[in-house]
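This report walks through strands, sheets, helices, cores and the chain contact. Have the sequence and the model open while reading.

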Amino acid sequence: MKFWDWKFTFEILPLLAKAALVTLEATLIGFVVAAILGLAFAIGRMFGPKWLAVPLAGFIEFIRSTPLLIQIFFIYFVFPEFGVSIEAMTAGVLALGLHYATYCSEVYRAGLANIPRGQWEASIALNMSPFHVFRDVIIPQAIPPIVPALGNYLVALFKDTPLLSAIAVLELMQTAKIIGSENFRYTEPITLVGLIFLIFSLIAAAVVRLVEAWLRRRIIHS
Amino acid sequence: MSIDASPANSPSNEFSGPMVRFDKVRKSYGSLVVLDNLDLEIARGEKVAIIGPSGSGKTTVLRMLMTLERIDRGVIFVDGEPLTSMNRNDELVPADAKHLRRMRGKIGMVFQHFNLFPHMSALKNCMEAPRTVLGLSKIEAEARGRELLSMVGLGDKLDHYPSQLSGGQQQRVAIARALAMRPKVMLFDEVTSALDPELVGEVLSVIRKLGADLDLTMLMVTHQMGFAKEFADRVCFFYGGRICEQGPPEKIFVAPENERTRQFLRACLEAT
């Protein structure tokens, strides 16, 4: 048996490409959940009333301190015990999003804390509502400096998607495992999966850098 | 100046008493008393300069009026209504958000460090609150912003970002931004203190112009004694959290009665 079979490689490539789409889908939806929920967590924790801020801080700490794999299992296998059955892909994306939301919320917290007090005071003096203050004044200034940090979490989330194979989501890793076990050849599928991850990670890092530069050009800081 | 109207019972649009009234207002940070039972009345259209050594509570007066600081005790009335409390069944209760926002709408403030929104152009800075707070359309808000920016002499800098403007220009944008909300009372908190000396004049001449053109009540904390003397109707000298001496500028600057006032003015004179 050859170490590397090119014919086999080209045979499985379309399968893996299809699975890569699932991985991308999980990454993107998961990250959107993480980005939005993370911001909500940060704002709730920093500016919410005590009855919200304190439990939220505890919850964030809890999620951050337990493994993502356990959370995935919990949502997929334990939630049904309470009558909440979630389809594997949805459960996986939810777990990814929630887990990374807690990391993102720390990043947002740093960004929000860096806004000078004068910006808040000017907004109050202009009689703006909290909603408009956040939407138009605070968040647009808080986000650009933290784009690199958020981008890192995007890449990290992407690299954590193979964990979804544990609940049989047909993403790259799961597909590679199935191909491997059906053909008794693991070298090509696993290597290809690694390569695909590498390529996507590099692309994502480049995109993050572009967005960063674009934001810096667009938003002029004093 | 009429001072006897009972503020609590008068509807604000007909209220003819003082524009601003501090009634035994007290503020402390821990054991440090910043304002000690302050009573102060400012008439409609009056221009009051607040002077005094640092730590005398001058800025706190403005910040409390802008609701940036909590009032520990006492009441501030603006336009006849309590600022941070409201009447309910003849009792003063802490104001709800709606009352606070209505009261804040009467007041505009310009800060020592401008506090412009750095990610918005000069024009956008002036349009933001009129659009989101007053509900003006984009066209209306833009017209208002253009008009005010040209009034402060920045009609050609509409699309400049704060970082592209000098300190004096930024401060003039900040003045235009505050005016865009059509306040009745304007607060100026050491607005020239952060400026290079050669930029002070342009900001003061804008304030002078507002005083002449607009029917505004103005309250300014300033270190520009020359300006206070020429511009203000009344000068209040603060010392240790209370008004040590007040009166028309001719009196305060020419013939101060209080020894502390004299000392302070002498020290200011030596500095220039």
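Strand β11 (residues 234–239) of chain B has five of its six residues buried, so the rest of the structure largely encloses it. A residue is buried if 20 or more other C-beta atoms lie within 10 Å of its own, exposed if 12 or fewer, and partly exposed in between, with C-beta atoms placed from the backbone. Helices (H or I, at least four residues) and strands (E, at least two) are DSSP runs, numbered from the N terminus.

This is a predicted model: local features need pLDDT of at least 70, side-chain atom pairs count only at pLDDT 80 or more, and totals for chains, interfaces and linings use all residues. Residues are numbered from 1 along each chain as its sequence is written, and chains are lettered from A and ligands numbered from 1 in the order in which they are written.

**The six-stranded sheet**

β11(B) belongs to an open sheet of six strands in chain B, ordered β8-β9-β10-β3-β11-β12, with mixed pairing. Two strands pair if DSSP finds at least two bridges between them. At the edges stand β8 (107–110) and β12 of chain B; each has a single partner strand, so one side of each lacks a neighbour in the sheet. On average, neighbouring strands are turned by 20° against each other, direction ignored. Axes behind such angles are lines fitted to C-alpha atoms, for helices over the stretch in contact, and angles run from 0 to 180 degrees between N-to-C directions.

| Strand pair | Sense | Bridges | Facing residues |
|---|---|---|---|
| β3(B) and β10(B) (residues 217–221) | parallel | four bridges | I50(B) and V221(B) |

β11(B) and β12(B) form a hairpin with two residues between the strands. There, G240(B) takes a positive phi near 55°.

**The cores**

Which residues have the most contacts inside the largest nonpolar core? They are C104(A), I50(B) and L187(B), in a core of 121 residues. A nonpolar core is a set of buried Ala, Val, Leu, Ile, Met, Phe, Trp, Tyr and Cys residues joined through C-beta atoms within 7 Å. Helix α4 (residues 88–113) of chain A gives the most to this core, with twelve residues. Apart from it lies another core of nine residues, among them A19(A), M173(A), A176(A) and L192(A).

I50(B) touches K58(B), V61(B), L219(B), M220(B), V221(B), C236(B) and F238(B), leaving out residues up to four places away in sequence. Contact here means that the C-beta atoms of two residues, placed from the backbone, lie within 7 Å.

**The four-stranded sheet**

Chain B also has an open sheet of four strands, in the order β2-β1-β4-β5, with antiparallel pairing. Its edge strands are β2 (32–42) and β5 (81–82) of chain B, each pairing on one side only. β1(B) (residues 20–29) and β2(B) run antiparallel, joined by seven bridges. K27(B) has L35(B) in β2(B) as its bridge partner. Helix α1 (residues 58–65) of chain B packs on the sheet and touches β1, β2 and β4 (73–78) of chain B. The direction of this helix makes about 115° with that of β1(B).

K24(B) has a phi of about 50°. K24(B) is found in strand β1 of chain B and is exposed, with 12 other C-beta atoms within 10 Å. T67(B) has a phi near 65°. T67(B) sits in the loop between α1 and β4 of chain B and counts as buried, with 21 C-beta neighbours inside 10 Å.

**A helix pair in chain A**

The axes of helix α1 (residues 6–47) and helix α7 (residues 172–183) of chain A come within 8 Å and cross at roughly 150°. That makes α1(A) roughly antiparallel to α7(A). Angles under 35 degrees count as roughly parallel, over 145 as roughly antiparallel, 65 to 115 as roughly perpendicular and the rest as oblique. The residues in contact include L15(A) and A19(A) of α1(A) and A176(A) and I179(A) of α7(A). By class, this contact has eight nonpolar, two polar and no charged residues. Ala, Val, Leu, Ile, Met, Phe, Trp, Tyr, Cys and Pro count as nonpolar, Asp, Glu, Lys and Arg as charged, and the others, Gly among them, as polar.

**Between the chains**

The contact takes 18 residues from chain A and 22 residues from chain B. On the chain A side, α5 (117–125) and α6 (130–160) each give two or more residues. α5(A) gives the most, with six residues. By class, that side has nine nonpolar, seven polar and two charged residues.
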